[in-house]
Amino acid sequence: MASFVTEVLASSGKLEKEDLSGKICKLSRKVQDTKVEVCDFMKGKYKDFLPNLQDSEELMEQVGELSRELDTLKNCIDTEVKQSVHTSVTEYADLKQQLEKNTVLITLLGHLKEFHTAMDKFTDALTAMKYVEAAEQLKKARDSMAFLKRWKDAQLPLLAVLNSELNIQRENLLYHLGLEWNRLVVWTLPTPPKVKGISQTRSDVALLKYILRPLVVYPCLSVYVTRQEGDGLVLALQRDEHQSSDTPSPALVYGRLQPVLKTLHSHLLHVSVGNQKLSSVLGDLIWEELSNCIIHDCLQHSIPSNSSQLDQYFREEPERDEFLREDHTDLHKYVQNINCHFASKKCRDVIVAARKLMTSKMHNTVKICPETKLLLPKLPGPGGDVKKQSAVKAEPGMVNAKQLSSSSMALPACRISESVQQLMGLALDTLTEARTAPPSGNARALQLFFTVRNIFQLYYDVVPTYHRENLLKFPHLAAIQHNNCMYLAHHLLTLGHHFSARLPQMRSEGVGTFVDMVPSFRKLGVQCFLDQLNVQRTELLDRLSTAHNLCNLDDEVNYTAASKAVRQLKRLSTVWQDVLPVSIYCKAMGTLLNTAIAEITAKIMALEDISSEEGEHLHTLCQTLLQDAPRVFTPLTEEKKNLKYQEEVALYVKKWGMFKELAVVLKANLQEIVDRWADGKGPLAVEFSGSEVKSLVRALFQNTERRAVALTKIK
């Protein structure tokens, strides 16, 4: 009867539900009991350190049995729920929630089991000196601990104890690894008292500091790899007396680094940890600093100064395949941007060389003649090679019969500083370097071109400031600076046009020439020379101002003033001889001589009473000046060629005719003066006004009827 009732209840599903509820309750009690036992066991092992191997095995079997019962019960519930989902959702919800809680607890117990198993295997591997396996087991234990920490609902007091044990074993592993490393790698330094604690220093730091970096920085070191019995493989550095270069070449550095890296990889760091080799781990630690060392201590100082050497500059690189997983390092990027680095170094060297020339002494000069031309390189045009360009023939109707002289655009003969000539040569070499840049080096060409512009702008700013005191003090340097500026301005007119067709990028941006700098340089040269002329003019006037009465030539002060003025002009004529262009020389000497003559004329015209004796003295003074003054016009070193300019003194001295007429009047009588006036049409009337002539007559002659008649004829 009972079996029949059971079958009926089972068919209706009620008995099955009651059985499931009972099983779940029973399973929950077992899970809680197991949890308590596992926690007590883990606490006893990792906190109280009690021996419990047999209990550990029984607990592991008990956890496994509970897991299997839970899986069976879960499958049963899932099947029952699917069959009666519409009728018993509420009843099964509580059961499923209880089951999920039990599932969480079982999962936690499973991770505790994995943690315990991993720690046991770690201890065995560490004892057997299997460090890689020990590290892998320690990683598994750490993963289990991380999973346990993620479950916020699982408040296990044991987690702090387990985490502490994990850290202790990690430090234990590191300690054993350090002992093993110190046994395998031995550092021997020539001066051990100065370097302490090598064994405690990180190996990557020691490797960089004592082997790799010295090989890069010091060219006299060489590396030797030898095998010795008992000592194993010996990696040693020795001083090479034959190597004397201040900066090692890249090929030399790479050749010394490769044996070190290859030896480390093949004999020590070839072991793999997971998917990564130890050599790759070391590369991650040292390669950034090693790359910076190679760049700053080797590559930057060994960049060639000529673009033709760039092709051989980076043909070799240090062995790095086993030490790097990517090519995105500073060294790799430096190699890729070699054009920019070459241009930067070239520009820096050019600016330094240019500034050195600008601050050098200016008095070392070279002679420039109209036939002197810049040695411009023969560059191919935009269409191809020089040989392939055919000459363009002009049509007969387009030819102009009258051609300009070859000297129309020539610079007049003068002297310029040797440093300025070298500066122009430096600019030409830099522009040629820009032209020879490959198509991929347009940025390099542009940078070099603007460096040349910066050279001339630097000259414009630096030279007048650096040499300012000497330019005002020495007339010779002022004349040279004038010539320097005119020389630069002259060549800047056409320098850009020679290269602009070969530098299309600069031409398209409107900066392919230097014409915009020409007016500034001309103004700079003119202003420098005008300042010197003003200094000389002031000195002339100061010397002549000491002469209070020119009529008394017996007065030593008057004689000294006039003679000093003449000597000053003669000294300037010697200083500027063969330096200034002839036209500038004659204009400058004519201006200064005109200043002296105008001052003397003004002093004579200011006299109100001149005796006959004083008139003789003044006439003698004027005649002396008229004879000596033309001799200061000696622009050329050959005396015969200077006669032409001495005869043309009236062209350069504005007051020359007036001074000659004054000398005549000082010696003439009244009738001669009236005749030279000639009713305002004579030579005297050309240089003097009527009032000035009357003033001279009143000063030279006494008040008589003849003087009165003469004055009436001068209107």
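Author: Contact here means that heavy atoms lie within 4.5 Å. In this predicted model, local features need a pLDDT of at least 70 and side-chain atom pairs count only at pLDDT 80 or more, while totals for chains, interfaces and linings use all residues. Residues are numbered from 1 along each chain as its sequence is written, and side-chain values use heavy atoms, with hydrogens and water left out.

Reader: Among contacts between residues at least 6 apart in sequence, what share joins residues at least 24 apart?

Author: In the protein chain that share is 74%.

Reader: How is confidence to be read, and what does the protein chain average?

Author: The pLDDT is the predictor's confidence in each residue, from 0 to 100. The protein chain averages 78, and 75% of the residues score at least 70. Over residues 192–200 the pLDDT falls below 50, and this stretch has 6 contacts in the model beyond near neighbours in sequence. Residues 382–399 also have a pLDDT below 50, with 9 such contacts. Where pLDDT is low, the predicted coordinates should not be read in detail.

Reader: How many helices and strands does the protein chain have?

Author: Helices (H or I, at least four residues) and strands (E, at least two) are DSSP runs, numbered from the N terminus. The protein chain has 27 helices and 6 strands.

Reader: Which residues form the covered face of strand β5, and how does β5 pair with strand β6?

Author: Two strands pair if DSSP finds at least two bridges between them. Strand β5 (residues 365–368) and strand β6 (residues 414–417) pair in the antiparallel sense over 4 bridges. Val366 and Ile368 make up the covered face of β5, and Thr365 and Lys367 the uncovered one. Val366 has Ile416 of β6 as its bridge partner.

Reader: Which residues touch the most other members of the largest nonpolar core?

Author: In soluble globular proteins, nonpolar side chains tend to be buried together. A nonpolar core is a set of buried Ala, Val, Leu, Ile, Met, Phe, Trp, Tyr and Cys residues joined through side-chain atoms within 4.5 Å. Buried means under 20% relative accessible area, exposed over 50%, and partly exposed in between (1.4 Å probe, protein chains only). The largest core has 62 residues, and Trp576, Met589, Leu593, Phe633, Trp656, Ile673 and Val693 touch the most other members. Helix α19 (residues 582–605) gives the most to this core, with 11 residues. Leaving aside neighbours within four places in sequence, Leu593 is in contact with residues including Phe633 and Trp656.

Reader: Why does Ser573 count as buried?

Author: Ser573 counts as buried because its relative accessibility is 4%. This residue lies in helix α18 (residues 556–575).
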